[in-house]
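Hello,

Here is the structure we discussed handing over. My notes on it follow below.

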Amino acid sequence: MHPRFQTAFGQLMPELQSALAPLLADRHFPALLHAEQVSALREASGLDDDALALALLPLAAACARADLSAFNVGAIARGVSGNWYFGANMEFIGATLQQTVHAEQSAIGHAWLRGEKGLSAITVNYTPCGHCRQFMNELNSGLDLRIHLPGRETRPLGDYLPDAFGPRDLQITTLLMDEQHHGFIPEGDALARAAIAAANRSHMPYSRSPSGLALACQDGAIFSGSYAENAAFNPSLPPLQGALNLLNLNGYDYPDIQRAILAEKTGTALSQWEATAATLKALGCQQIEWVALRLA
């Protein structure tokens, strides 16, 4: 078991401990529960979905990298597929605060990058901030997404974000978590192809500036992130954060990063390069490359 889970594991009811122990024995447990695993946990614990998600929040919060705030927030995004995706806040010493990933962004980005097509609910151990409420409004589930908090009645996002402004106000019809492919040619080595594949599914309806990033670890593992843009701009999630989020959730650490590639289209309204390079260097990665996206 990864050391970060040991304290949280001890807080779980015995029935959940017995059912989860084989999964958590993998040091690189992917912070993901497949639908059949969720069903097995329900049966073992006797809990319904809402109660089970609340009971598992300590494990999600244990994934936090709260290096600045020392305040762990955990979230579980429940996919329409039945899969559940953990998320937690991430902060980076030496980088600007704008590079921070919130727990809700982490769980949602995790689900999206795993190929989930939509969310039915998200469970969080603290009330979502305005930044996260706006980020969630970019999803194809819209204001109907159910927000589940400890000690509170489950309510839709619309109750937390009244008189909302979002992509629909700008006539955007392809929303975050809808399937997208922008037609860029996969080329180069495996890491470059992973970055280009991530760029192909990026959500960037406002800037029209696609980008994807891939990280290679020393053991050969590759983690990719796609750009996720937001109608309010500031809550947008850069591709680096998507990749770092997956790396962290899979039990890897920043010193494990050996190489990074950012794939972007030239001549667009914005570039991720400067912020990406600065953040990666702050985390100790010096081998950072850039490749241009080409249409087929």
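**Notes on the model**

Just after helix α5, Gly 115 takes a positive phi of about 100 degrees. This is a predicted model, in which local features need pLDDT of at least 70 and side-chain atom pairs count only at pLDDT 80 or more, while totals for chains, interfaces and linings use all residues. Residues are numbered from 1 along each chain as its sequence is written, and side-chain values use heavy atoms, with hydrogens and water left out. Helices (H or I, at least four residues) and strands (E, at least two) are DSSP runs, numbered from the N terminus.

Helix α5 (residues 103–113) is mostly covered, with 11 of its 11 residues buried (under 20% relative accessible area, with a 1.4 Å probe and protein chains only; exposed is over 50%, partly exposed in between). Among them are Glu 104, Gln 105 and Trp 112.

Helix α5 packs against helix α9 (residues 239–249) at an angle of about 90 degrees, with the axes 10 Å apart. That makes α5 roughly perpendicular to α9 (the term covers 65 to 115 degrees; under 35 is roughly parallel, over 145 roughly antiparallel, the rest oblique). Axes are lines fitted to C-alpha atoms, for helices over the stretch in contact, and angles run from 0 to 180 degrees between N-to-C directions. Ser 106, His 110 and Leu 113 of α5 make the contact with Gly 242, Asn 245, Leu 246 and Leu 249 of α9, where contact means heavy atoms within 4.5 Å.

**Strand β3**

Five of the five residues of strand β3 (residues 84–88) are buried, so the strand is largely enclosed by the rest of the structure. Trp 84, Phe 86 and Ala 88 point one way from β3, and Tyr 85 and Gly 87 the other way.

Strand β2 (residues 74–79) runs antiparallel to β3 and is joined to it by five bridges; two strands pair if DSSP finds at least two bridges between them.

**The four-stranded sheet**

An open sheet of mixed pairing has the strand order β8-β7-β9-β10. Its edge strands, β8 (222–226) and β10 (288–292), each pair on one side only. Strands β9 (residues 257–264) and β10 run parallel, joined by five bridges.

Regards
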